[in-house]
Amino acid sequence: MKKVVLISVLGAIVVIIFVGFLIFSYNKIFYPLKYEEEIVSASKEFNVSPEIIASIINVESRFNEKVVSNKGAVGLMQILPSTASWTVQQLSGGKGAKNSELELSFYNETTKEGELFDPMTNIRIGTCYFVYLLNKFGDFDVALCAYNAGEGVVRNWLGKSEYSNNGKTLSKIPYSETKNYVEKVNRNIKVYSKKFK
């Protein structure tokens, strides 16, 4: 009898360990987390939660700082060099994200796009640009749509009654890629919020 109980207890322990390993592996594969220090630094600088930054990075690049899209978007937050340059110019003129002391020395007109492969540079510019979109549109999901599909495209959607009831929020996202993007980022936020406690 004792032997049966012991085997049952050992079996339960093995199952618990195996399930724990599966959960750990799932989180590592589907919700990786690198560059925590850079993410936290940018979150403080631009006054946005770190889990939002991590969630965008996960969907954009899966934390691969060397990735380049077929449209030329670079690095962790998939920034186009033209968007990076524009974002820095907005900051230097006192526009964009609040309370930023972003120095132009790391990204100016003569800078090569290679600097966008630097995690800190990419995360700062990507976060700043997202906060700019959030301030401009005033709605989190609309800002995510603009980050993915482009500011002009989203402005167009907001002006059409088939996509927006009030010109401020979207009742329908016409691009399936953008709709999926918004859903993924929001799903990721729930997971990453536990990692940044």
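A residue is called buried when its relative accessible area is under 20%, exposed when over 50% and partly exposed in between (1.4 Å probe, protein chains only). The model is predicted, so that local features need pLDDT of at least 70 and side-chain atom pairs count only at pLDDT 80 or more, while totals for chains, interfaces and linings use all residues. Residues are numbered from 1 along each chain as its sequence is written, and side-chain values use heavy atoms, with hydrogens and water left out.

With a salt bridge taken as a side-chain nitrogen of Lys or Arg within 4 Å of a carboxyl oxygen of Asp or Glu, the count comes to 6. One of these joins Glu65 to Lys34, with the closest N and O atoms 3.8 Å apart; because Glu65 lies in the loop between helices H3 and H4 and Lys34 in the loop between helices H1 and H2, the pair ties together parts that are 31 residues apart in sequence. Glu65 also meets Lys66 in a salt bridge (3.6 Å, N to O). At 60% relative accessibility Lys66 counts as exposed, whereas Glu65, at 16%, counts as buried and Lys34, at 38%, as partly exposed.

A further salt bridge pairs Glu45 with Arg124, the closest N and O atoms being 3.0 Å apart, and links helix H2 to helix H5 (residues 119-137) across 79 residues. Glu45 counts as buried at 17% relative accessibility, and Arg124 likewise counts as buried at 17%. Helices here are DSSP runs (H or I, at least four residues), numbered from the N terminus.

Key
Helices (H or I, at least four residues) and strands (E, at least two) are DSSP runs, numbered from the N terminus.
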